[in-house]
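Trainee: I have a new model open on my screen, and I would like to learn how to read its features. Could we go through it together?

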Amino acid sequence: MAPSLTVWFDSGCPLCQREIALMRRLDRRGAIRFVDLRSIDVPCPIDRAELLARFHAEENGRLLSGAAAFGAMWRAVPILRPLGLLAGWPPLAPAFEAAYRRFLRLRPRLQKLFR
């Protein structure tokens, strides 16, 4: 199966390393193409710093960011698909994005814990 989703991640982030390792294990169908932003030769659809600041994914030619990108990644994995569908449902999408923004504020402290 050719990957239908591209996910850009920061291999220099200990949280990202754990998350992507889990997603790789769960993605048994190979539906996700994981792109390490720390590789110099990786082409980026937007500024690399912007990709490193927020989680991004490309689904069906659309670049997604934040909670929407997580929702797309979850939808690509059968066991997480229900959560991904909820994250993309318009009435709940703002709540998922708000949670993601709160996580971004905590991220530096969490990274220190996982180093």
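Predicted model: local features only at pLDDT ≥ 70, side-chain atom pairs only at ≥ 80, totals over all residues.

Trainee: Which element gives the most to the lining of the largest pocket?

Mentor: The general idea first: rolling a probe the size of a water molecule over the atoms shows where empty space is left. Here, the largest pocket holds about 430 Å³ of space. Its lining comprises 24 residues, with Glu19, Phe55, Phe70, Tyr100 and Phe103 the closest to the centre. Helix H5 (93–114) gives the most to this lining, with 7 residues. At least two residues each also come from strand S1 (5–9), helix H1 (14–26), helix H2 (48–53) and H3.

Trainee: How many of the lining residues are nonpolar, and how many are charged?

Mentor: The lining has 19 nonpolar and 5 charged residues, with no polar ones.

Trainee: Now the helices. How do H3 and H4 pack?

Mentor: Two packed helices are described by the angle between their axes and the distance between the axes. For H3 (residues 67–75) and H4 (residues 81–88), the angle is about 150 degrees and the axes lie 7 Å apart. An angle over 145 degrees counts as roughly antiparallel, so H3 is roughly antiparallel to H4. Their crossing is left-handed.

Trainee: Which residues of H3 meet H4?

Mentor: Gly71, Trp74 and Arg75 do, and their partners in H4 include Leu83, Leu85 and Ala87.

Conventions
Residues numbered from 1 in each chain as written. Heavy atoms only, no water. Axes fitted to C-alpha atoms, helices over the stretch in contact; angles between N-to-C directions. Helix = DSSP H or I, 4+ residues; strand = E, 2+ residues; numbered from the N terminus. Parallel < 35°, antiparallel > 145°, perpendicular 65-115°, else oblique. Left-handed = near helix turned anticlockwise from the far one by under 90°. Contact = heavy atoms within 4.5 Å. 1 Å grid on protein atoms, 1.4 Å probe; cavity = no way out; pocket = protein on both sides within 12 Å on 5 of 7 lines; lining within 4 Å. Points joined across faces, edges and corners; volume = space filled by probe spheres on them. Nonpolar A, V, L, I, M, F, W, Y, C, P; charged D, E, K, R; others polar.
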